[in-house]
Amino acid sequence: MAEASGVPVIVSEPGSFAWTVLAERHPALIRQVRDAFPYPPERQLALDALQEETAHGVVEPLPAGAVGGGQWAEWGRGHVGRSWFEVPFLWAESYFYRRLLEAVGYFGPGPWQGVDPFAPFKRAELNGPEVEGELAALDEVAGLPREAQDQALLAGSLWGNRADLGFRISAGESGESGTSGTSGTAESHVIADDSAPFWRHLADSAAATVYLVADNAGRELIPDLVLLDHLLCTGRADRAVLHVKPYPYYVSDATTADVVDCLRRMAQAPGRAREIAHRLWSALTAGRLAVRAHPFSCAPLPYADMPGDLRADLAHATVAVVKGDLNYRRLVGDRRRPPTTPFGGLTSYFPSPLLALRTLKCDVAVGLAPPTLAALENTGEPWRTTGSYAVIHFRP
Ligand SMILES: O=P(O)(O)OC[C@@]1(O)O[C@H](CO)[C@@H](O)[C@@H]1O
């Protein structure tokens, strides 16, 4: 069994989750991006080269003069020149997205500069029937007593994380195929629940500033925004800060443009969703809700290595709500450890109280009670990677 300090997750073991991401998810994503845009021949050649390199070649550096090239060269020391299947999983995935953006000309200069290669997928989701239904459901939540609203909106933000578009490339179009073998409502699969101390912490804090470190756009970001609105409206937060990605990442990760798209989508809906959108729009223009996009949000590193300016910013949080699977890997370290390793100890470096909301979609698992772990192992399911189980971990 792994030591408490853990063994880094690497890609090399055929059939492992990390291996399937590099061997199957990334090639499928390159194909989908190519099909979604009429890229000119030079962009298609660059995509071909990336496809070939990631399947059979060694990791190549970014071209000279690339945006952030110096930083990536530093982060890539010891990895560039090796097979993609020999390097740490977290680094390989992050660098793959940076290289994909290079291949499609996202950083320019040129006509494809700033064109988000994942925008068509995000847009389709935002205009889909699921979002319509989820926005309509907000009218019902509005009629509930406050504590029930608290729980419903926290659960919405938590389970919104299951709607990640990268995960759906692996799980099948619906994103539900990985859930076979489970039963009951999604809520019945919360396998660690620290929501009560989280709400107590907010109630005990005066003039709270709530940070939310976002993960995916669309079906995840909408409930995240709704949760922030609820905290602001009910006086549990005086201010809110939303951290998004500075550029497209992991397919559906939220950027500033996605925040605006979500608000516009909500504003087109009738009822409660529209009201919330207008309130959030005003909160943004008044500075009560701030959006930040720090470069470290797309770094291939754990949060323990965050730079001083980000640490100083997060230190202002009464609580930082950190969303999703990738952020969770970065919070606790992308390492194999006994799943009963306490979450609080692994995140003691974090500069503020912390709430992690995550559905499990990779091998990393910590913070579980021994009986919970035993029950999960008894299911015989690949419970770490199906997206059917979730954790709410709070570290005061
Ligand atoms: O961070 P998210 O959106 O919840 O999930 C990201 C994800 O789809 O990508 C990684 C593997 O590619 C895993 O961490 C997870 O499966």
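Is Y250 buried or exposed, judged by its C-beta neighbours inside 10 Å? In this predicted model, Y250 has 22 such neighbours and therefore counts as buried, the cut-off being 20 or more. The residue is found in the loop between β4 (239-243) and α11 (256-268), and its backbone is marked by a positive phi, near 45°, in a residue other than glycine.

A second residue with a positive phi is A207, which is not a glycine and has a value of about 45°. A207 lies in the loop between α9 (195-204) and β3 (209-213). With 9 C-beta neighbours inside 10 Å, A207 counts as exposed, because the limit for that class is 12 or fewer. Most residues other than glycine have a negative phi, and most peptide bonds are trans. P109 belongs to the loop between α4 and α5 (119-126).

At the level of the whole chain, the secondary structure comprises 16 helices and nine strands. The radius of gyration is 20 Å, which agrees with the value near 21 Å that a compact globule of 396 residues would have. Along the principal axes, the C-alpha atoms fill a box of roughly 55 × 50 × 45 Å. Of the 396 residues, 45% count as buried. Among contacts in the chain with a separation of 6 or more, 79% are accounted for by residues 24 or more positions apart.

Helix α1 (residues 17-36) packs with two other helices, α4 and α2. The axes of α1 and α4 (residues 89-103) come within 11 Å and cross at roughly 10°, which makes the two helices roughly parallel. In this contact, A18, V21, L22, H26 and V33 of α1 meet F89, A92, E93, F96 and L100 of α4. By class, the contact of α1 with α4 has eight nonpolar residues, one polar and one charged.

With helix α2 (residues 41-56), by contrast, α1 packs at an angle of about 175°, the axes being 10 Å apart. The pair α1 and α2 is therefore roughly antiparallel. On the α1 side the contact is made by L22, H26, P27, I30 and R34, and on the α2 side by Q44, L47, L50, Q51, T54 and A55. The contact of α1 with α2 divides into six nonpolar, four polar and one charged residues. L22 and H26 of α1 take part in the contact with α4 and are also listed for the contact with α2.

The ligand is surrounded by 15 residues, the closest being D164, G324, D325, L326 and K361. The largest share, three residues, comes from α14. By class, the shell around the ligand consists of five nonpolar, four polar and six charged residues.

Within helix α10 (residues 218-233) is found L231, which counts as buried with 22 C-beta neighbours inside 10 Å. Apart from neighbours within four places in sequence, the contacts of L231 are with V210, R236, A237 and A240. Between L231 and T209, which are 22 residues apart in sequence, the C-alpha to C-alpha distance is 9.9 Å.

Key. Residues are numbered from 1 along each chain as its sequence is written. This is a predicted model: local features need pLDDT of at least 70, side-chain atom pairs count only at pLDDT 80 or more; totals for chains, interfaces and linings use all residues. Axes are lines fitted to C-alpha atoms, for helices over the stretch in contact, and angles run from 0 to 180 degrees between N-to-C directions. Helices (H or I, at least four residues) and strands (E, at least two) are DSSP runs, numbered from the N terminus. Angles under 35 degrees count as roughly parallel, over 145 as roughly antiparallel, 65 to 115 as roughly perpendicular and the rest as oblique. Two residues are in contact if their C-beta atoms, placed from the backbone, lie within 7 Å. Ala, Val, Leu, Ile, Met, Phe, Trp, Tyr, Cys and Pro count as nonpolar, Asp, Glu, Lys and Arg as charged, and the others, Gly among them, as polar. A residue is near a molecule or strand if its C-beta atom, placed from the backbone, lies within 6 Å of it. The radius of gyration is taken over C-alpha atoms; the globule rule is 2.2 Å times the number of residues to the power 0.38.
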